[in-house]
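Work through the exercises below with the structure open beside you. Try each task before reading its solution.

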Amino acid sequence: MIQLVLVSGLSGSGKSIASAVLEDSGYYCIDNLPLSLVEEVVQHLARAGQKRIGIAVDARGGEDFSGFPALVEKLKTGGFDVRVIFLEAKTPTLVKRFSETRRKHPLSSDVVSLAEAIDLERDKLVDVIPYAHRIDTSDLAPSALCLWIRDLIEQDRSRITLLFQSFGYKHGIPLDADMVFDVRCLPNPHYVPELRPLSGKDEAVRAYIEASPDAMKMLADMRRFIGDWLPCFIRDNRAYLTVSVGCTGGQHRSVYFVEALAKNFRDSEQVLVRHRELA
């Protein structure tokens with residue numbers, strides 16, 4: 001089966017990085033292809049013998065994306081193994097990136113400000129999101145994004161990918177979260193001097209958290225909640241489910257919980273782990 005990755009998202013969010021990773025992984029990549037030409041081009045490349053194809057589609061040309069769902073379904077029905085990656089970032093982050101690079105946003109003009117252009121682009125691409133694996137690159141280094149993309153394209157596409165992600169509330173809730181759990185009410189290793197420089201991956205921090213009955217009860221509740229509702233997401237033909245766990249700084253408690261949840265579900269599901277603040 002021919003593997004097709006459609007990369008979309010906001011300008012300045014890292015689509016060029018994602019395309020470069022795909023190209024390095026053996027995909028034949030095309031950038032900024034109009035949505036109306038995707039099916040024709042993909043069929044042509046398939047006839048030419050290409051087995052891995054990556055295409056970036058976005059709103060740079062002001063195109064209407066309301067036809068995106070129908071396109072994805074048609075390609076899947078036609079025998080293509082379709083995966084959609086949607087990159088995004090918070091508006092202040094995107095404004096800063098454009099200011100630093102002195103690039104012009106493709107939808108901005110004399111009468112449309114940069115912030116307005118970003119909001120306009122979000123609205124234009126809203127039909128892509130339900131079909132995509134979303135990645136919030138707001139606080140992500142390019143090297144970390146490369147690793148995340150590589151991990152993603154190596155997953156079995158026939159099964160749901162359950163992604164557990166830790167984050168720090170002081171840096172904001174990830175845009176790509178489907179479920180969010182808050183563990184800030186639990187004892188904080190940050191206030192123990194010898195634990196402060198460590199992370200939730202370290203044995204001393206794990207022992208500290210596991211000594212809390214409340215932490216263990218919350219972990220059990222999370223496992224049960226995710227386990228109870230995961231079948232509904234699978235029946236809904238979801239390709240991805242991102243479970244985000246947040247603490248204050250994203251270093252200790254949230255990291256521990258993500259590692260523990262991933263370990264619990266790894267035997268039965270396809271699991272990925274991300275630690276946003278550690279990345």
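**Exercise 1. A residue in a strand**

Task: Find the place of isoleucine 55 and decide whether isoleucine 55 is buried or exposed.

Solution: Isoleucine 55 lies in strand S3, which covers residues 52-56. The model used here is a predicted one. The next step is the relative accessibility, which is 0% for isoleucine 55. Buried means under 20% relative accessible area, so isoleucine 55 counts as buried. Now list the contacts, leaving aside neighbours within four places in sequence: isoleucine 55 is in contact with Leu4, Val5, Leu6, Val7, Ile30, Leu33, Val38 and Val42.

**Exercise 2. A residue in a loop**

Task: State where threonine 137 is placed, and which residues threonine 137 touches.

Solution: Threonine 137 sits in the loop that runs between strand S5 (133-136) and helix H6 (142-153). The relative accessibility of threonine 137 is 2%, so this residue counts as buried. Residues up to four places away in sequence are not counted in the next step. What remains is Ser13, Leu87, Glu88, Ala89, Arg97 and Leu145, which threonine 137 touches.

**Exercise 3. Helices H1 and H6**

Task: Describe how helix H1 and helix H6 pack, and say which residues meet.

Solution: Begin with the geometry. H1 (residues 15-24) and H6 pack at an angle of about 50°, and their axes are 9 Å apart. That angle makes H1 oblique to H6. The crossing in which H1 passes H6 is right-handed. Next come the residues: H1 brings Ile17, Ala18, Val21 and Leu22, which meet Pro142, Leu145, Cys146, Ile149, Arg150 and Ile153 in H6. Sorted by class, this contact has nine nonpolar, no polar and one charged residues.

**Exercise 4. Helices H4 and H5**

Task: Describe the packing of H4 and H5, then sort the residues of the contact by class.

Solution: H4 spans residues 91-101 and H5 spans residues 114-124. The two helices pack at an angle of about 125°, with axes 10 Å apart. Their relation is therefore oblique. H4 passes H5 in a right-handed crossing. On the H4 side, the contact is made by Thr91, Leu94, Val95 and Phe98, and on the H5 side by Leu114, Ile118, Asp119 and Arg122. The residues of this contact divide into five nonpolar, one polar and two charged.

**Exercise 5. Two positive phi values**

Task: What is phi of asparagine 32, and what is phi of arginine 102?

Solution: Most residues other than glycine have a negative phi. Asparagine 32 has a phi near 55°, a positive value in a residue other than glycine. Asparagine 32 is in the loop between strand S2 (28-30) and helix H2 (38-47). With a relative accessibility of 34%, asparagine 32 counts as partly exposed.

Arginine 102 is not a glycine either, and its phi is positive, at about 60°. Arginine 102 is found in the loop between H4 and H5. Its relative accessibility is 78%, so arginine 102 counts as exposed.

**Exercise 6. Helix H9 and its surroundings**

Task: Compare the span of H9 with the expected value, and say what covers its buried residues.

Solution: H9 covers residues 253-265, which is 13 residues. From its first C-alpha to its last, H9 reaches 19 Å, close to the 18 Å expected at 1.5 Å a residue. Of the 13 residues, 10 are buried, so H9 is largely enclosed by the rest of the structure. Among the buried residues are Val255, Phe257, Leu261 and Phe265. The cover over the buried residues includes strands S6 (161-168), S8 (240-247) and S9 (270-275), along with helices H7 (203-210) and H8 (213-235).

Arg206, Ile209 and Glu210 in H7 meet Arg253, Tyr256 and Phe257 in H9. By class, this contact has three nonpolar, no polar and three charged residues.

Notes. Residues are numbered from 1 along each chain as its sequence is written. This is a predicted model: local features need pLDDT of at least 70, side-chain atom pairs count only at pLDDT 80 or more; totals for chains, interfaces and linings use all residues. Side-chain values use heavy atoms; hydrogens and water are left out. Axes are lines fitted to C-alpha atoms, for helices over the stretch in contact, and angles run from 0 to 180 degrees between N-to-C directions. Helices (H or I, at least four residues) and strands (E, at least two) are DSSP runs, numbered from the N terminus. Angles under 35 degrees count as roughly parallel, over 145 as roughly antiparallel, 65 to 115 as roughly perpendicular and the rest as oblique. A crossing is left-handed if the near helix is turned anticlockwise from the far one by less than a right angle, and right-handed if clockwise. Contact means heavy atoms within 4.5 Å. Ala, Val, Leu, Ile, Met, Phe, Trp, Tyr, Cys and Pro count as nonpolar, Asp, Glu, Lys and Arg as charged, and the others, Gly among them, as polar. The expected span of a helix is 1.5 Å times one less than its number of residues. Buried means under 20% relative accessible area, exposed over 50%, partly exposed in between (1.4 Å probe, protein chains only).
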